[in-house]
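This report is meant for a reader who is seeing the structure for the first time. Please keep the sequence and the 3D view at hand while reading.

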Amino acid sequence: MNPKVQIRIIRRSIVLVVMVCSLASAASAQWNEKVLYSFQGGTDGQLPGGGVAFDKTGNLYGVTIEGGSTACPPGWCGTVYELSPPARKGGAWTETLLYVFKGHNQNDGSSPSGALIADSAGNFYGVTSYGGSGPCVLFGTATGCGTVFELSPPAQKGGAWTETVLYNFQGGKDGDLPTGPLVFDKAGSSLYGATEFGGGKGTTCDAFYGGNCGTVFKLSPPKQKGGKWTEKVLHSFAGVAQGKQYGDGAVPNGGLIVNNESAVYGTTAIGGNQICRNGQGQPIGCGTVFRLHPPGKAGGVWIEGILHRFRGYPNDGELPSAGLILDSGGTLYGTTTGGGNQAEGTVFALKQPKERSGPWGESLLHQFTAGSDGAVPIAPLTLNAVGALYGTASIGGAVGGGTLFQLMLSPKRHTWRFDAVYTFKGSPDGSYPASGLTLGPSGSYYGSSQQSGNTGQNCGRLGCGTVFESAP
């Protein structure tokens, strides 16, 4: 199966990619890893989406794309969970389901995707790919077009968390199938995000979801408490017009960057050119890195610039399926799920030009081989305080369940050194890591795997997924 097809299926939560991990003993790893929680499926969560977020007291928060309830077509409703650390060293982490989504029939979201983000008051924000009051239909069933939600902590400890739907996507010229995570603007008030489809432009992106090639949107808070949040589509992607070699990107990913000048940076999974093709041989494009510049005056049009059009195997990456990170020098970093000299994915950097109008310079920091280094990275990178990059590859490694890797710049600052510091082993360990990593207060990295774990029978041989901690 084409790697891009695999990723799209997992992110839409329709079916799981079949991947069997070997149970053979792993080769020696430089880092230690510990499973903090194995999801059980059923009324518990399964298939964790995105990474985890910390609160001020050390609890972890995240979402599961499935589990919780079966009342949400096209599948499970999904959950928001909390993991609390043990009271004493060596004890077990405790999971609490904070919210189970109710789906389109109850004007609620379903199938949350992407990591949660928090404001200064401890409220969490995220998106659901389906649900809400919108009119979208999939396979003849009304599913809704997705939502943006807020989850607020209880006034008293032990009380119930409160979920509020901030916006219901409507499809058409509006967005459809939002993908997370969201990001705040520099003031910490408005939210920015992306929808994979909708927007009213482009007709070649996905027949199941009504075509159109996706949007970047801004969601602004009400001026008065209790009022409605306001959505504005900043850009509708058009893809590549039929008969043209080059064009706009299509199917944008979440994980946008908003810089100090309010410019928005992100990636599109496909589009940009007609070079890369899907499993049916149809040209879909290799994906892009884009920038949206704010208008010069209120009410003006945002201006899109394409910083890079990926060229695909063998000389470049293709099909980026995660957002970007930005270092203090203005360099962008990201991953592609395919391309590179082995067609197994890449880690790339885009360096800001010295002259504002000049081209951005791309370099490939690592090209995956599907060997001990892993393959098909579908998650964003994490940058630490000394400039090292950390991430996960969803498959491959010494055992086959994926890897956790680091990239460190040499002292001469000319080359990057890649190390696969941990290989996921499959049950009872995790497999198919698909989230970005979160650096914890103790220096450990935390993330989730979408498969395996010690999960019993609820999720079949693939398992329900895990939350893990890893450190040198």
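The accessible surface of the protein chain comes to about 19600 Å², and 50% of that area belongs to carbon and sulfur atoms. The coordinates are those of a predicted model, in which the mean pLDDT of the protein chain is 90 and 93% of its residues reach 70 or more. Residues 1-29 have a pLDDT below 50, although this stretch has 77 contacts in the model beyond near neighbours in sequence. Where pLDDT is low, the predicted coordinates should not be read in detail.

As for overall dimensions, the C-alpha atoms of the protein chain fill a box of roughly 55 × 55 × 40 Å along the principal axes. The radius of gyration is 21 Å, which agrees with a compact globule, because a globule of 472 residues would have a value near 23 Å. Of the 472 residues, 59% are buried. The secondary structure of the protein chain consists of 1 helix and 34 strands.

One part of this strand content is an open sheet of 4 strands in the order β12-β13-β14-β15, paired in the antiparallel sense. Strands β12 (175-184) and β15 (230-236) stand at its edges, and each has a single partner strand, so one side of each is left without a neighbour in the sheet. On average, neighbouring strands of this sheet are turned by 30° against each other, direction ignored. Within the sheet, β13 (residues 191-198) and β14 (residues 215-220) pair over 5 bridges in the antiparallel sense, and L191 has L219 in β14 as its bridge partner.

| Strand paired with β18 | Sense | Bridges |
|---|---|---|
| β16 (residues 246-252) | antiparallel | 4 bridges |
| β17 (residues 257-258) | antiparallel | 2 bridges |
| β19 (residues 288-293) | antiparallel | 5 bridges |

Individual residues can be followed across these pairings: A250 stands opposite I270 in β18, and V258 stands opposite V264 in β18. On the side of β19, the bridge partner of Y265 is R291. Strands β17 and β18 form a hairpin with 5 residues between them, and in its turn S262 has a positive phi of about 70°.

P135 is placed in the loop between β7 (124-131) and β8 (137-138). Is P135 buried or exposed? Its relative accessibility is 55%, and because a residue counts as exposed when this value is over 50%, P135 counts as exposed. Even so, P135 is in contact with C145 and Q170, leaving aside its neighbours within four places in sequence. P135 and N168, which are 33 residues apart in sequence, are 9.9 Å apart in space from C-alpha to C-alpha.

Definitions and conventions: Residues numbered from 1 in each chain as written. Predicted model: local features only at pLDDT ≥ 70, side-chain atom pairs only at ≥ 80, totals over all residues. Heavy atoms only, no water. Pairing = 2+ DSSP bridges. Axes fitted to C-alpha atoms, helices over the stretch in contact; angles between N-to-C directions. pLDDT = per-residue confidence, 0-100. Contact = heavy atoms within 4.5 Å. Rg over C-alpha atoms; globule rule 2.2 N^0.38 Å. Buried < 20%, exposed > 50% of the residue type's maximum accessible area, 1.4 Å probe, protein only. Areas by Shrake-Rupley, 256 points an atom, 1.4 Å probe, with all protein chains shown as cover.
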